[in-house]
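Have a look at the structure, then follow the notes topic by topic.

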Amino acid sequence: MPPRRKNKKFKQLTEFERGRIIGLREGGFSYRAIAARMQRNSSTVMRVWKQWTDEHRTTRKTGTGRQKVTSERDDRHLLRMAVNDRTASSRQLAARWSTATGVQLSASSIRRRLLRRGLRARVPLYRIPLTANHRRLRRQWALEHRDRRADWHQVVFSDESRFNLWTHDGRVRVRRYAGQRCLPECIIERHSGRTPGVMVWGAISYHGRSNLIRIEAG
């Protein structure tokens, strides 16, 4: 069997290409021969020729698709709404937009407009709330150890972590641009208070990791 022809995406025909197709056709070339020479489909060649014979023109008809219901100014306003409340879903933004402007927009339309502006819904960065004293002590530790040349074969990192059972399902998203993961407004704080959950301990080193050990509540 002959090798299967790969699908190839073509650009729109230029005015020069349309004129060349008409010239070749008037010169007696078949649709198939013109298509092979122009590296186009025979149906494309036939459409150009039919338009020429029926309408005596080669210009491409303008599209008659659905008109955009929002202006550039409206899209900027929508962008500000999303940035001011980064965890708002597309449905929530659509409802707020409808209330504010009286114009109905679907959630998918909201997503497309924000994506065109580079604003994507991403999984937020979670952190434990830090007080001013926490930040001061961590910065102090980092400054004291910034010039340390550690032998990583002798270093072990260990930590405890609590998995809460009565919290959200992890589907919260924040809208942000690339590189904004650590912005304060793109971070969700989570507490490790006395809610139903499981506390575990683990450690990692150069040579591997420890078993995950459950810590029983005292």
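Contact here means heavy atoms within 4.5 Å. With that in hand, Ser-90 touches Ala-107, Ile-110, Arg-111 and Arg-175, leaving out residues up to four places away in sequence. You're looking at a predicted model, in which local features need pLDDT of at least 70 and side-chain atom pairs count only at pLDDT 80 or more, while totals for chains, interfaces and linings use all residues. Residues are numbered from 1 along each chain as its sequence is written, and side-chain values use heavy atoms, with hydrogens and water left out.

**The overall picture**

- The protein has 7 helices and 8 strands; helices (H or I, at least four residues) and strands (E, at least two) are DSSP runs, numbered from the N terminus.
- Of the 218 residues in the protein, 22% are buried. Buried means under 20% relative accessible area, exposed over 50%, and partly exposed in between, using a 1.4 Å probe and protein chains only.
- Take the contacts between residues at least 6 apart in sequence: 65% of them join residues at least 24 apart.

- Ser-90 sits in helix 5, which covers residues 90–101.
- With a relative accessible area of 7%, Ser-90 is buried.
- The side chains of Ser-90 and Arg-175 are joined by a polar contact of 2.7 Å. A polar contact is a pair of N or O atoms within 3.5 Å; within protein, one must be able to donate a hydrogen and the other to accept it, and residues adjacent in sequence count only if both atoms are side-chain atoms.

**The nonpolar cores**

- A nonpolar core is a set of buried Ala, Val, Leu, Ile, Met, Phe, Trp, Tyr and Cys residues joined through side-chain atoms within 4.5 Å.
- The largest one has 12 residues, among them Leu-78, Trp-97, Ile-110 and Leu-114. Helix 4 (72–84), helix 5 and helix 6 (107–116) are the elements that give two or more residues to this core, and helix 4 supplies the largest share, 4 residues.
- Not counting residues up to four places away in sequence, Leu-114 touches Leu-78, Leu-79, Ala-82, Leu-93, Leu-119 and Arg-175.
- There's also a second, separate core of 10 residues, including Leu-13, Ile-22, Val-45 and Trp-49.

**Two helices packed together**

- Helix 1 (residues 15–26) and helix 2 (residues 31–38) pack at an angle of about 145 degrees, and their axes are 10 Å apart. Axes are lines fitted to C-alpha atoms, for helices over the stretch in contact, and angles run from 0 to 180 degrees between N-to-C directions.
- On the helix 1 side, the contact is made by Glu-17, Arg-20, Ile-21, Leu-24 and Arg-25, and on the helix 2 side by Tyr-31, Ile-34, Arg-37 and Met-38.

**Cysteines**

- How many disulfides does a search of the whole structure find? It finds 0, a disulfide being a pair of cysteine sulfur atoms within 2.5 Å.
- For Cys-182, the closest cysteine sulfur is in Cys-186 at 9.3 Å, so the two are too far apart for a bond.
- Is Cys-182 buried or exposed? Cys-182 is exposed, with a relative accessible area of 58%, whereas Cys-186 is buried at 0%.

- Gln-39 has a phi near 55 degrees, a positive value in a residue other than glycine.
- Most residues other than glycine have a negative phi.
- You'll find Gln-39 in the loop between helix 2 and helix 3 (42–55), where Gln-39 is exposed at 52% relative accessibility.

**Around strand 6**

- Trp-201 belongs to strand 6 (residues 197–205) and is partly exposed, with a relative accessible area of 27%.
- Trp-201 and Ser-161 are 40 residues apart in sequence, yet their C-alpha atoms are 6.4 Å apart in space.
- Setting aside neighbours within four places in sequence, the contacts of Trp-201 include Ser-158, Asp-159, Asn-211 and Ile-215.
- Tyr-206 lies in the loop between strand 6 and strand 7 (208–209) and is exposed, at a relative accessible area of 54%.
- Beyond residues up to four places away in sequence, Tyr-206 touches Trp-152, His-153 and Val-155.
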